[in-house]
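Hi,

Here is the structure I promised to pass on. My notes follow below it.

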Amino acid sequence: MATPQEFLFRIKRQDSPDTAPYWEQFRMPYAPGHNVVSALMYLREHPVNSAGNKVAPVVWECNCMEEVCGACAMLVNGVPRQACAALLDGLPQPIVLEPLSKFRVVRDLQIDRSRMFEALKKVKAWIRLDHGGDIHRHAPLISPDEQDARYLFSRCMTCGCCMEACPQFHQNSTFIGPAPLAQVRLHNSHPTGAYDKEERLHAIMGEGGITDCGNAQNCVQVCPKEIPLTTAIGELGRQTTAQWLRDLFAR
Amino acid sequence: MADSLNAHFLSRKLHSLTGLVPVGGFLLFHLWENSMARKGEQFYNEHVVQGIGDLLNYKLAIELCLGAAILFHGVYGLVVWWQGRSNTRRFRYGGNLRYLLQRITAFTTLAFILWHVITTRIAAGLDEAVENNLFLHMQRIYEDPVNVVLYIVGIAGATFHLANGLWLLGINWGLTTHPRAQKLSMWACTALFVVITFLGVHAIWGFNQRLF
């Protein structure tokens, strides 16, 4: 493939949460090794659209630059992924950048992810330290096999790519989405986290919980961290079914 | 009590149970009994319609329960359908396509069942001539090639909905959690789909053996 003279970007912009989105094109001279974030940084320094007009710089979020924080998730040529890990070399042009469509746009490519954090709070995606036990004792042992399994789920960075791909997750649904469900799987399997297992399961057995999954299994296809989300959902299907039977017959 | 019952969770579980046991079970039985149409008019009318009909105790109660199960599965299914926003154009994965197909076949099956019940069970209830010779009645329906196509599409939609629904049930009830288990159950459900669709097509052929 011949090296292009420049990169052409088509960016979906929006000035505020309540105004209509519009498309704007930008050009950047070619340089090897660029990724989408470094290109956006160039456009911040040179906020001139392809018509030659000086415009407000494109707003986006980023943080770690190594695909572990989840902040720069956006649609790159229609694919939900981390902008920092999207290398420009090899991307078909024009490079189309859009905010994730399932969340409220704050400005341009910046979105409001608070729904994900509300979901994490709802399912108590944490380990209680103050649980009434003796905290000076050694932490309970976890087998290496279980450590390996849990590690996969601990890589979640709440980027929202799985929600973007999920047909059940949208602005009019109450579904909490795949990522928070996987955190229930993670924290339920921790020896101390298991103290709150029942509460976590009850939190996902109502409306918007595990039952609202349609098993399209797009989440596991697009997850940039290759988290076995559908395995977590299957295991939670088992845990919630057992919990439901316990609630019915063993209370 | 209300809390331990968990109405939302119970409805979802009932939705998958009603799809499998009364409705799916009846579909299997119904396609099997009608695949005996190949044995001819006399055998079908005497042994299938009369014979199996005589064996069924509490026939009206069974029919009412079946109707209630289909009604619940269908109406609650509409609620489930309403919650989804299919995105197969953007995400072209097999699972996503089956997600969409499960919803499309829900509607084709509902429409097909309505049409089928009105033109067979209710027609037989209204017209004694139809009731006395259901074989001839079916044969006449299949004289129109449009009806043959509608029946094949209707039956294949229903069998897909059942086979794929069984695969979904395995995940939702936590029987198949690992990708490997889900892959194996996919093979099993595909085999089920092929076998029961064959039974259905065989039944259509049985009524009008000049068809194929």
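A:Phe103 touches A:Ile111, A:Asp112, A:Arg113, A:Met116, A:Gly160, A:Met163, A:Phe169 and A:Gln171, leaving out residues up to four places away in sequence; contact here means heavy atoms within 4.5 Å. Bear in mind that this is a predicted model, where local features need pLDDT of at least 70, side-chain atom pairs count only at pLDDT 80 or more, and totals for chains, interfaces and linings use all residues. Residues are numbered from 1 along each chain as its sequence is written, chains are lettered from A and ligands numbered from 1 in the order in which they are written, and side-chain values use heavy atoms, without hydrogens and water.

A:Phe103 also belongs to the largest nonpolar core, which has 43 residues. Such a core is a set of buried Ala, Val, Leu, Ile, Met, Phe, Trp, Tyr and Cys residues joined through side-chain atoms within 4.5 Å, with buried meaning under 20% relative accessible area (1.4 Å probe, protein chains only). Alongside A:Phe103, the residues with the most contacts inside this core include A:Met163, A:Leu181 and A:Leu236. In chain A, β3 (73-76), α2 (114-122), α4 (161-165), α5 (178-188), α7 (218-222) and α8 (229-249) each supply at least two of its residues. Domain 1 (6-112) and domain 2 (114-249) each give at least three; those bounds come from an automatic or database domain assignment.

As for the whole chain, I get eight helices and seven strands for chain A, taken as DSSP runs (H or I, at least four residues; E, at least two) and numbered from the N terminus. Buried residues make up 49% of its 251 residues, and the C-alpha trace spans about 70 × 40 × 35 Å along its principal axes.

Cheers

Note on methods:
Buried means under 20% relative accessible area, exposed over 50%, partly exposed in between (1.4 Å probe, protein chains only).
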